Amino acid sequence: MSITGRCNCSSINVTIPTPEGSVVCYCTNCQRTSAGLCSINYILDTSSAKFDDPKDLLKSYKDSDTKSGNVITRKFCSNCGWYVDSFFP
C-alpha cells in the first residue's frame, strides 16, 4: 500500500510506501520548517519515494545549520513553496 500527496499548486506529486514508523522532532530547524512546535517525520527508505515533477519545479538546498552537525537536504516546490521532503545523507 502507498500514500500519494501533492504540493499546493499540483505541480509535484510524491508517492511513498506506507511508513513503518515516525519521529517527532522539536529542533529549531524542524519548528521553522513546519511553522509549529514540531515536525512529524516518517521513517522510510529514501529510494522508495517517487516524485512526479513534469515542470521541473522540485528544488533542494543543504541545511547545515543544525545542532547535530548533520546536513539535511530539504526539498520544496519552487512555485508554491510547499515543503516536500528532507533527507539525511
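Predicted model: local features only at pLDDT ≥ 70, side-chain atom pairs only at ≥ 80, totals over all residues.
Helices (at least four residues) and strands (at least two) are taken here as DSSP runs, numbered from the N terminus.

View 1. Follow the sequence along and you get β-β-β-α-β-β-β-β-β. The C-alpha trace covers about 35 × 30 × 25 Å along its principal axes. For 89 residues, a compact globule would come out near 12 Å in radius of gyration, and the chain's 13 Å agrees with that.

View 2. Mean pLDDT for the chain is 86, with 94% of residues at 70 or more.

**View 3. The salt bridge between arginine 74 and aspartate 63.** The count of salt bridges comes to one, and here is the pair: arginine 74 and aspartate 63, whose closest N and O atoms sit 2.8 Å apart. The partners are 11 residues apart, with arginine 74 in strand β7 (residues 72-77) and aspartate 63 in strand β6 (residues 58-63). Arginine 74 counts as buried because its relative accessibility, 2%, is under 20%. Aspartate 63, at 9%, is buried too.

View 4. Buried residues make up 26% of the 89 in the chain. Among contacts with a separation of 6 or more, 34% join residues 24 or more positions apart.

How values were computed:
Residues numbered from 1 in each chain as written. Heavy atoms only, no water. pLDDT = per-residue confidence, 0-100. Salt bridge = Lys/Arg side-chain N within 4 Å of Asp/Glu carboxyl O. Buried < 20%, exposed > 50% of the residue type's maximum accessible area, 1.4 Å probe, protein only. Rg over C-alpha atoms; globule rule 2.2 N^0.38 Å. Contact = heavy atoms within 4.5 Å.
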